[in-house]
Structures are given as structure tokens and as C-alpha cells.
Amino acid sequence: MSDIAFLTRLRREVERRRTFAIISHPDAGKTTLTEKLLLFGGAIRMAGAVKAKKASRHATSDWMAIEKERGISVTSSVMQFDYDGFAVNLLDTPGHQDFSEDTYRVLTAVDSALMVIDSVKGVETQTRKLMDVCRLRDTPIMTFINKLDRDGRSPFELFDDIEGSLGIECAAMTWPIGMGKLFQGVYDIPQKMLRFFQAGEDKGARPRESVLVRGLDDPELDRQVGAQAADGLRHDIELLEGAGYPFDHGRYLAGKQTPVFFGSAVNNFGVRELLDAFLRHAPAPRPRQTETREVSPLEEPFSGVVFKIQANMDPAHRDRMAFLRVNSGCFTRGTRVSHQRTGKDMLVHNATIFMAQDRAHADEAWPGDIIGIPNHGTLRIGDTLCGREPLRYLGIPHFAPEHFRRVILKNPFKAKQMEKGLQQLTEEGAIQLFKPVTGREHILGAVGVLQFDVITERLRAEYDVHIAVEPINIAAVRWLTGESAVLDRMRRENASVMLTDSDGLPAMSFANEWRLEKAVEEWPQVAFLTARECVSA
Ligand code: G4P
């Protein structure tokens with residue numbers, strides 16, 4: 001392909017890509033909505049996988065279930081489908097809160113997010129946490145308020161809740177007419193269209209045609225929904241016009257405003273409008289920051305960043321899959337790339353390119369796409385693969401764990417094997433390994449306690465290493481940065497609580513909040529970090 005032809009194609013591929021994740025508190029309807037979106041996209045064969053994944057999710061103590069889930073997760077953790085000329089990449093975020101670190105990192109690989117809120121419950125804790133992460137990068141967010149077929153909270157109350165607890169303006173795109181048993185449908189504000197709800201629409205019933213009205217004064221509105229509901233709607237929209245925010249594309253893209261849609265995922269109501277608006281308004285891949293400069297997706301040389309590692313996809317081969325987001329140029333099978341952390345060239349000939357439909361182009365991936373690269377530990381979270389110019393993408397965080405355990409090896413002859421297993425499994429990033437500067441202990445830290453069960457079970461199943469974990473007197477760990485002379489002095493004076501993480505970075509443990517506060521006061525020249533970039537060791 002000539003340069004001009006390539007750049008024209010690159011621009012077209014970038015413009016038609018939408019890479020996003022759905023965020024929600026468990027049970028708000030993420031799985032249901034995902035399935036409906038996939039059905040619209042024609043990626044029906046994926047739908048079963050989503051259900052299966054969901055089925056195994058709650059079986060927190062049943063390792064076999066988690067294992068089964070992992071078996072299908074290479075195909076279902078990135079779901080790509082074509083719809084209306086767009087190439088959509090939907091990245092799955094693990095639902096269980098104990099997997100939240102992984103979720104956080106997936107969010108660094110998307111250009112926007114879709115937030116699902118249960119109309120009965122409003123904003124819940126997990127949504128709040130996920131929003132905090134989205135806010136770090138000003139990720140644009142579209143909102144779907146789900147379960148309108150149930151008696152939920154009033155839409156105004158939900159708006160207040162979102163605006164108050166998530167700190168983002170709500171711009172109504174549709175507005176419900178009644179709810180629960182009295183739910184008739186929604187008024188599509190920009191299109192002035194009445195869209196009627198019918199329970200179980202996806203089960204074959206013929207949906208009632210949408211009706212265009214000339215505005216809220218149109219008597220047709222009364223004829224269609226009844227005088228009382230029509231008046232209610234007029235009253236609501238008047239209030240919205242006075243006190244609400246009109247949709248502002250710029251503010252949405254800046255992450256300051258969320259366009260809000262109402263519907264019922266399980267009844268497939270409001271989903272198509274959501275998808276259409278999403279494709280029209282959501283951002284295509286945007287420039288990304290590296291250590292040295294911003295890189296545009298339209299630059300010809302290929303570059304991308306690893307945001308997730310999954311170990312032992314196939315237990316027989318001890319392989320690991322690195323999930324890389326393409327940030328610029330085009331990736332083609334067999335591409336020779338430079339591995340920024342080691343400075344070595346890599347020939348990537350066995351990458352999995354996640355394409356649900358378009359087999360013709362299955363050998364290439366464009367900005368916004370995700371590729372899976374099997375490897376034996378060469379690739380780590382945060383690694384950049386690029387062309388000749390050495391680049392290092394920023395923004396893939398490790399979060400300070402909140403729970404800690406000491407590892408007890410049950411069979412001392414397996415020490416080496418345990419070391420290897422811990423090293424490999426912690427590279428996935430869901431759990432972190434710390435070692436005291438003095439002493440030979442292994443300390444595990446996780447954002448969620450379920451991870452301790454998972455690692456114990458995986459060490460047994462995948463490495464034949466039996467461990468137990470026991471509580472340890474640590475309430476918090478912080479990474480430390482500062483001048484090396486100061487850090488050295490700190491290390492000498494606090495040797496018993498100094499740690500290094502698995503990348504060799506200095507950290508300090510604290511038995512309680514008070515000690516942490518005291519240390520922060522005592523060492524003003526040192527930064528105590530709760531998150532750190534994935535680094536080059
Ligand atoms: P999640 O992935 O966010 O955890 O939620 P999921 O889609 O699994 O939905 C959680 C529950 O809410 C499911 O019921 C689902 O059927 C239901 N649900 C989803 N959308 C709607 C909706 O629009 N209206 C109503 N009334 N319910 C909805 P479940 O009983 O937990 O599972 P299932 O037996 O239906 O599979």
C-alpha cells in the first residue's frame with residue numbers, strides 16, 4: 001500500500017472505531033445489556049459466553065468455575081462487532097469487586113464508558129469507585145438507567161444522585177413516561193419521538209411503532225399516552241429545561257457531562273437508541289500520552305501498550321496472554337516491533353486479533369483494537385511495543401492493596417517453584433507481592449480478599465505448590481519516591497517496615513492509619529503513593 005493509501009485507510013479505520021467498557025455495580029444489568037448490544041452487532045455466538053461468564057462469577061470459592069471462566073475469557077474479554085459501519089470493541093470488566101484492579105486497568109484501554117444504573121437502587125458503591133477511575137482520565141461516559149419496568153426512584157432523584165455522588169452533569173437524552181407497571185416508554189428529546197415500551201420485546205412480540213410528535217404541545221401526545229401521562233411529561237421536561245443541562249457534545253467528550261438514556265435491558269427497550277447515540281457521539285481513539293510526547297492514532301508507525309496479563313490460559317503450556325491496545329498505526333501479523341522495556345526487537349507472529357466478524361481483515365489491528373500476544377513472561381503490564389522511536393505510554397496504574405497476608409509454604413521443598421508461581425501470577429496484576437527488606441517473608445497484597453483464595457488455588461492447580469495465607473499486621477502499604485539519599489536514610493531508620501515490590505520498588509508498610517499519618521509528617525521530602533505507574537524494572 002502506498003503511503004497515502006495507507007494513511008487514508010488508517011484515518012478511516014480510526015474514525016470508525018469505538019472502544020469502550022460497560023461499568024456498573026453488580027446486578028445493575030451489565031451482562032444483560034452486553035448481550036443485547038452483541039445481538040444488535042450480530043455477534044450472537046458470543047452471547048452464550050457472556051451468560052456463562054456471569055454464571056461462574058458468583059462462585060467465588062469454586063475454583064473450577066473460575067477456571068472455566070478463564071477458558072472462555074480470551075474470546076469474551078474483548079468483543080468486537082461491526083454495526084452500521086462502525087467497528088466496536090467492547091472490553092469486558094470483571095464484575096466482582098475483588099477483581100477491581102483488573103477492571104481499573106481495562107478502563108485505561110478504552111476511549112469511553114457506558115455506565116449502567118439500576119433505577120431502583122441508584123448509584124451504588126462499585127459504580128462510584130469505577131467513576132473515580134474514569135475521572136482520572138476524564139473518560140467520556142454515557143449513562144443507561146435500567147429496569148424502568150420496575151417501580152424505581154423518580155428520574156429527578158436519580159439525576160440528583162448521579163450529579164451529587166459522581167460529580168458529573170446529567171443531560172437527559174430520553175425521558176421516561178411512567179415507570180413500573182405504568183411504564184409506557186420514553187420520550188426521545190432530540191428526536192421528539194415517542195418510543196413505546198412492550199415487555200418481552202425480544203421474545204418475538206411486535207413492537208409498537210414509535211411516533212413522531214411536533215413537540216410537547218402536540219395533542220397527539222395526549223392521544224398516544226393519555227392526558228395524565230402527557231401532562232406529567234410536559235411538567236418534567238419544563239423542569240428539565242429550567243434546571244437541567246442540555247446535551248453538550250464538548251462537555252461529554254471532556255468527561256464533564258453524561259448523556260442519560262432510560263430503558264429496560266432485559267426487555268431490549270431503549271438499547272438500540274443508546275447504541276445509535278453512542279456510536280454517533282462517543283470518541284474514536286484519541287491521542288495518548290507517552291513519557292516524551294503525545295502520540296496520535298493517525299501516526300503511521302505502530303505502537304501499543306500492554307494493559308492486562310492473563311497467566312496460564314492453557315495450563316498445559318504455561319503460557320501467558322498479554323492484552324495490548326493498539327494506539328497508533330496498524331498491527332499486522334508477523335510485525336517486528338521494539339519492546340521498549342528491554343530495548344529488544346520482538347517478532348510477533350502468533351498474536352490473537354479479536355475480530356468477531358470481519359474475517360477478511362483478521363490479520364490486522366488498528367488503533368482502538370486489542371490484540372492478545374502469547375508469551376512466556378517477556379511482556380508485563382505497562383510495557384510499550386512500538387516502532388523505531390522509543391516510546392513509553394503512561395497511565396497504567398497499580399493500586400495500593402488494601403488487604404495483606406503472609407504466605408506460608410506447606411512443603412519447604414517447593415520454595416523455588418513457589419517463587420516462580422508467585423512471580424508469574426502476580427505479574428497479572430490482580431495481586432501484589434512484597435518482600436521485607438530484612439527477612440525472607442512473602443507478603444501478598446490485594447485490593448479484594450477473594451484474590452487470596454484465587455492465588456492459593458492457582459498455585460496448587462498450576463504449579464503444584466501448596467500454600468496457606470495468614471493475617472499479618474499491616475493495614476496499608478505506600479510506594480515511596482524521593483531523593484535516594486533520603487530514601488536510604490528512611491530505609492536505615494525503619495528497616496523493619498520497609499518492603500520492595502516485585503519490580504524492586506521501595507515501599508513501606510504501616511500497622512495502622514495513625515502510623516501512616518505520622519510517617520507522612522515525619523518525611524515531608526518523600527511522596528507516599530497509593531498508586532504507581534507500571535514501571536520498567
Ligand atoms: P450484572 O451483569 O450487572 O451483574 O447484571 P445482569 O445483567 O446479570 O442483571 C442482573 C439481574 O437484573 C438479572 O436478573 C437480570 O435479568 C435483571 N435485569 C436486567 N435488566 C433488567 C430490566 O430491565 N428489568 C428488570 N426487571 N430486570 C432486569 P437475575 O434474576 O439475577 O438473573 P436471571 O435469572 O434473569 O438471569
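Q: What average pLDDT does the chain have, and over which residues is the pLDDT below 50?
A: Of the residues, 87% score at least 70, and the chain averages a pLDDT of 86. Where pLDDT is low, the predicted coordinates should not be read in detail. The pLDDT is below 50 over residues 44–48 and over residues 70–76.

Q: Which strands are at the edges of the seven-stranded open sheet?
A: The strand order in this sheet is 2-3-1-4-5-11-6, with mixed pairing. An edge strand pairs on one side only, and this holds for strand 2 (78–83) and strand 6 (169–172).

Q: What angle does the direction of helix 2 make with that of strand 1?
A: Helix 2 (residues 30–40) packs on the sheet and touches strand 1 (17–24), strand 2, strand 3 (86–91), strand 4 and strand 5. Its direction makes with that of strand 1 an angle of about 155°.

Q: Are helix 2 and helix 11 roughly parallel or roughly perpendicular to each other?
A: The axes of helix 2 and helix 11 (residues 271–281) come within 10 Å and cross at roughly 70°. Angles of 65 to 115 degrees count as roughly perpendicular. The two helices, helix 2 and helix 11, are therefore roughly perpendicular.

Q: How many nonpolar, polar and charged residues does the contact of helix 2 with helix 11 have?
A: Helix 2 contributes Leu-33, Lys-36, Leu-37 and Phe-40. From helix 11 come Val-271, Arg-272, Leu-274 and Leu-275. By class, this contact has six nonpolar, no polar and two charged residues.

Q: Why is one side of strand 7 and of strand 10 left without a neighbour in the sheet?
A: Four strands form an open sheet in the order 7-8-9-10, and the pairing is antiparallel. Strand 7 (174–177) and strand 10 (211–212) stand at the edges, so one side of each has no neighbour in the sheet: each has a single partner strand.

Q: Which residue of strand 10 is the bridge partner of Met-193?
A: Strand 9 (residues 193–196) pairs with strand 10 in the antiparallel sense over two bridges. The partner of Met-193 in strand 10 is Leu-212.

Q: At what angle to strand 7 does helix 9 run?
A: Helix 9 (residues 227–243) lies across strand 7 and strand 8 (185–188). Relative to strand 7, helix 9 runs at about 145°.

Definitions and conventions:
Residues are numbered from 1 along each chain as its sequence is written. This is a predicted model: local features need pLDDT of at least 70, side-chain atom pairs count only at pLDDT 80 or more; totals for chains, interfaces and linings use all residues. Side-chain values use heavy atoms; hydrogens and water are left out. pLDDT is the predictor's confidence in each residue, from 0 to 100. Contact means heavy atoms within 4.5 Å. Two strands pair if DSSP finds at least two bridges between them. Axes are lines fitted to C-alpha atoms, for helices over the stretch in contact, and angles run from 0 to 180 degrees between N-to-C directions. Angles under 35 degrees count as roughly parallel, over 145 as roughly antiparallel, 65 to 115 as roughly perpendicular and the rest as oblique. Ala, Val, Leu, Ile, Met, Phe, Trp, Tyr, Cys and Pro count as nonpolar, Asp, Glu, Lys and Arg as charged, and the others, Gly among them, as polar.
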